[in-house]
Amino acid sequence: MAPQQDFLPRPMPSLTGLVKLLRPRQWTKNLVCLGGVFFSGNALSRHADVRAGIALAGFCAASGFVYIINDVLDREQDGKHPRKKLRPVASGEVSVRQALGFAAGMLAAALALGSTLGLGEAAILGLYIVMNIAYSLGLKTLSLVDAMVVAAGFILRVYAGTVAVSVAPSAWLLLCTLFLALFLAFGKRRAEINAVGTEPEPVRREVTATRAVLHKYNVAMLDRFCNICATLTIATYALFTVLGHTDRTLIITTPPVVMGIFRYLLLVERYQEGEAPDAILLKDWAIQLAIVLWGILYVAVIYFGLHIDVQ
């Protein structure tokens with residue numbers, strides 16, 4: 001049962017504490033919402049860009065709401081974790097009452113932003129929120145289900161972006177997103193197991209208690225899952241470039257995708273990284289280079305008509 005003092009009036013929380021509640025570093029995931037306008041070739045349309053931007057903002061607000069609720073529900077367990085104990089609610093920087101009030105504001109903002117794009121967009125945001133609350137309440141303790149929920153969140157982001165600009169997502173793109181999200185989720189679990197293994201025994205017990213699903217995986221199993229998902233990601237993206245467009249020039253964007261996937265596998269399996277995929281995206285120069293090269297080639301083909309003869 002939550003301590004009674006959690007709900008007693010407290011001084012106004014700091015702006016820093018409120019911002020940390022939203023975990024803005026993890027908003028890089030929400031950039032998937034821009035996939036609809038980018039992959040459809042409408043990125044030069046101001047109207048489409050504005051609508052895609054609203055979808056992105058809606059998901060940032062929705063994910064912020066989910067993170068706050070998760071921190072409130074897990075505050076006691078987080079307080080025993082060597083790193084999570086520094087989160088605003090677990091550390092006492094922000095009270096439960098203050099966090100819940102802020103969460104209500106984020107929820108209202110998410111649904112308001114979604115509604116400006118239509119009922120379909122609001123429904124997607126609502127489904128994302130309900131699914132993630134269910135995740136926080138228990139789905140995260142079920143092996144495989146935890147990763148599938150993460151992947152479903154990315155699929156909903158793709159749909160949010162395509163609904164916003166009134167285009168249908170490519171089946172190949174949806175499959176690629178699914179396998180890439182599973183790849184990242186399983187890589188995260190592997191990194192968490194590695195991190196737990198390097199901690200002293202008392203800390204190890206506390207960490208595994210806060211994420212019970214880790215007991216249901218092992219490194220060998222997660223390596224196989226990562227390898228399967230990496231293979232499927234590359235295969236579906238390659239098929240997307242060949243079958244998703246009449247002009248097969250887009251196949252030249254495949255090598256940077258392969259490089260990025262292989263680099264991530266190297267970081268996870270050789271250097272035991274991957275616990276924070278957003279951190280890797282922001283700090284690893286090789287993955288950043290792969291993304292930049294992919295972006296340049298994709299823009300050159302779709303937006304500037306670069307063409308090579310490919311049968």
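W294 and Y298 are both buried. This is a predicted model. The two residues lie four apart in helix α14, which spans residues 285-302, so about one helical turn separates W294 from Y298.

## Ring geometry

A pair of aromatic rings is described by how far apart the centres are and by the angle between the planes. In this chain the count of aromatic pairs comes to 13. For Y237 and F240, the ring centres are 5.8 Å apart and the planes meet at 50°; planes under 30 degrees apart would count as stacked and those over 60 as edge-to-face, so this pair is tilted. Y237 and F240 belong to helix α11 (residues 219-243), where a spacing of three residues puts about one helical turn between them. Both Y237 and F240 are buried.

The rings of W294 and Y298 have centres 5.5 Å apart, and the angle between their planes is 40°, so this pair is tilted. Which residues do ring pairs link into a cluster with W294 and Y298? The cluster consists of F38, F39, Y237, F240, W294, Y298 and Y303. The pair from helix α11 and the pair from helix α14 are thus both part of this cluster.

## Fold and dimensions

The chain contains 14 helices and zero strands. Along the sequence the pattern reads α-α-α-α-α-α-α-α-α-α-α-α-α-α. The radius of gyration is 20 Å, close to the 19 Å that the globule rule gives for 311 residues, so the chain is as compact as a globular protein of that length. Taken along the principal axes, the box filled by the C-alpha atoms is roughly 70 × 45 × 30 Å.

## Burial and contacts

Of the 311 residues in the chain, 45% count as buried; Y237 and F240, as well as W294 and Y298, are among them. Considering contacts between residues at least 6 apart in sequence, 75% join residues at least 24 apart.

## Surface and charge

The side chains include 28 positive and 21 negative ones. The centres of these two sets of charges lie 3 Å apart.

Key
Residues are numbered from 1 along each chain as its sequence is written. This is a predicted model: local features need pLDDT of at least 70, side-chain atom pairs count only at pLDDT 80 or more; totals for chains, interfaces and linings use all residues. Side-chain values use heavy atoms; hydrogens and water are left out. The radius of gyration is taken over C-alpha atoms; the globule rule is 2.2 Å times the number of residues to the power 0.38. Buried means under 20% relative accessible area, exposed over 50%, partly exposed in between (1.4 Å probe, protein chains only). Contact means heavy atoms within 4.5 Å. Lys and Arg count as positive and Asp and Glu as negative; His and the chain ends are not counted. The place of a charge is taken as NZ of Lys, CZ of Arg, CG of Asp or CD of Glu. Rings of Phe, Tyr and Trp (its six-membered ring) pair if their centres lie within 6.5 Å; planes under 30 degrees apart count as stacked, over 60 as edge-to-face and the rest as tilted.
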